[in-house]
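Good morning, and thank you for coming. I would like to take you through one structure, with the sequence and the model on the screen.

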Amino acid sequence: MKKIRYTGGAITGIGMLAMIIAVIIKQGPFIPILGIAGLLIFCSGYIYFLIFWRCPYCHRHLPTQGMIGMTHCPYCGTELDN
């Protein structure tokens, strides 16, 4: 679960960083491409969470709200490997 959390967070963070850079720089021919690429990377990180952020025991989708301190599945109560 820790690997999924870090991978998804890294993907969405890279996408967010690319969009922020595109907004800050505001000049040059590749800025729209950087903004669109950042948005696509951010969306792919979100989709990654939707696919893989599941309980390994009951296979239900885990809530993304409060995922940093989550130690047990809120549905079946089993301990998640952090």
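Predicted model: local features only at pLDDT ≥ 70, side-chain atom pairs only at ≥ 80, totals over all residues.

Let us begin with helix α1, which runs over residues 2–25 and so has 24 residues, by the definition of a helix used here. From its first C-alpha to its last, α1 reaches 34 Å, close to the 34 Å expected at 1.5 Å a residue.

Which residues of α1 are buried? They are Ile 4, Arg 5, Gly 8, Thr 12, Gly 15, Ala 18 and Ala 22. As for the cover over the buried residues of α1, it includes α2, residues 31–52. Take Ile 4 as an example: leaving out residues up to four places away in sequence, Ile 4 touches Tyr 48, Phe 49, Phe 52 and Trp 53.

Helix α1 also takes part in the surface. Met 16 lies in this helix, and with a relative accessible area of 39% Met 16 is partly exposed. Together with Leu 17, Ile 20, Ile 21, Ile 24 and Ile 25, Met 16 forms a nonpolar patch on the surface, and the accessible area of these residues together is about 540 Å².

What follows α1? The next residue is Lys 26, whose phi is positive, near 60 degrees. In general, most residues other than glycine have a negative phi. Lys 26 is in the loop between α1 and α2, and its relative accessibility of 68% means that Lys 26 counts as exposed. Between the C-alpha atoms of Lys 26 and Ile 68 there are 34 Å in space, and the two are 42 residues apart in sequence.

A positive phi is also found at His 59, about 65 degrees, although His 59 is not a glycine. This residue is in the segment after α2.

Within α2 itself, we may look at Ile 47. Ile 47 counts as partly exposed, because its relative accessibility is 45%. Its C-alpha is 22 Å from that of Asp 81, a residue 34 places away in sequence.

We now turn to the core. How many residues make up the largest nonpolar core? There are 11 in all: Met 1, Ile 4, Tyr 48, Phe 49, Trp 53, Cys 55, Leu 62, Met 67, Met 70, Cys 73 and Leu 80.

One of these core residues is Cys 55, found in the segment after α2. Is Cys 55 buried or exposed? It counts as buried, because its relative accessibility is 1%, and the cut-off for buried is under 20%. Leaving aside neighbours within four places in sequence, Cys 55 is in contact with Arg 60, Leu 62, Cys 73, Cys 76, Thr 78 and Leu 80. The C-alpha atoms of Cys 55 and Thr 78 are separated by 8.8 Å, with the two residues 23 apart along the chain.

Lastly, consider Tyr 75, which is also in the segment after α2. At 40% relative accessibility, Tyr 75 counts as partly exposed. Apart from neighbours within four places in sequence, Tyr 75 is in contact with Cys 58, Arg 60, His 61, Leu 62 and Pro 63. Of these, Arg 60 is 15 residues from Tyr 75 in sequence and 7.7 Å away in space, C-alpha to C-alpha.

Thank you for your attention.

Terms used: Residues numbered from 1 in each chain as written. Heavy atoms only, no water. Core = buried A, V, L, I, M, F, W, Y, C linked by side-chain atoms within 4.5 Å. Buried < 20%, exposed > 50% of the residue type's maximum accessible area, 1.4 Å probe, protein only. Contact = heavy atoms within 4.5 Å. Helix = DSSP H or I, 4+ residues; strand = E, 2+ residues; numbered from the N terminus. Expected span 1.5 Å × (residues − 1). Patch = residues over 30% accessible without salt bridge, like charges linked within 9 Å, V, L, I, M, F, W, Y side chains within 5 Å. Areas by Shrake-Rupley, 256 points an atom, 1.4 Å probe, with all protein chains shown as cover. Salt bridge = Lys/Arg side-chain N within 4 Å of Asp/Glu carboxyl O.
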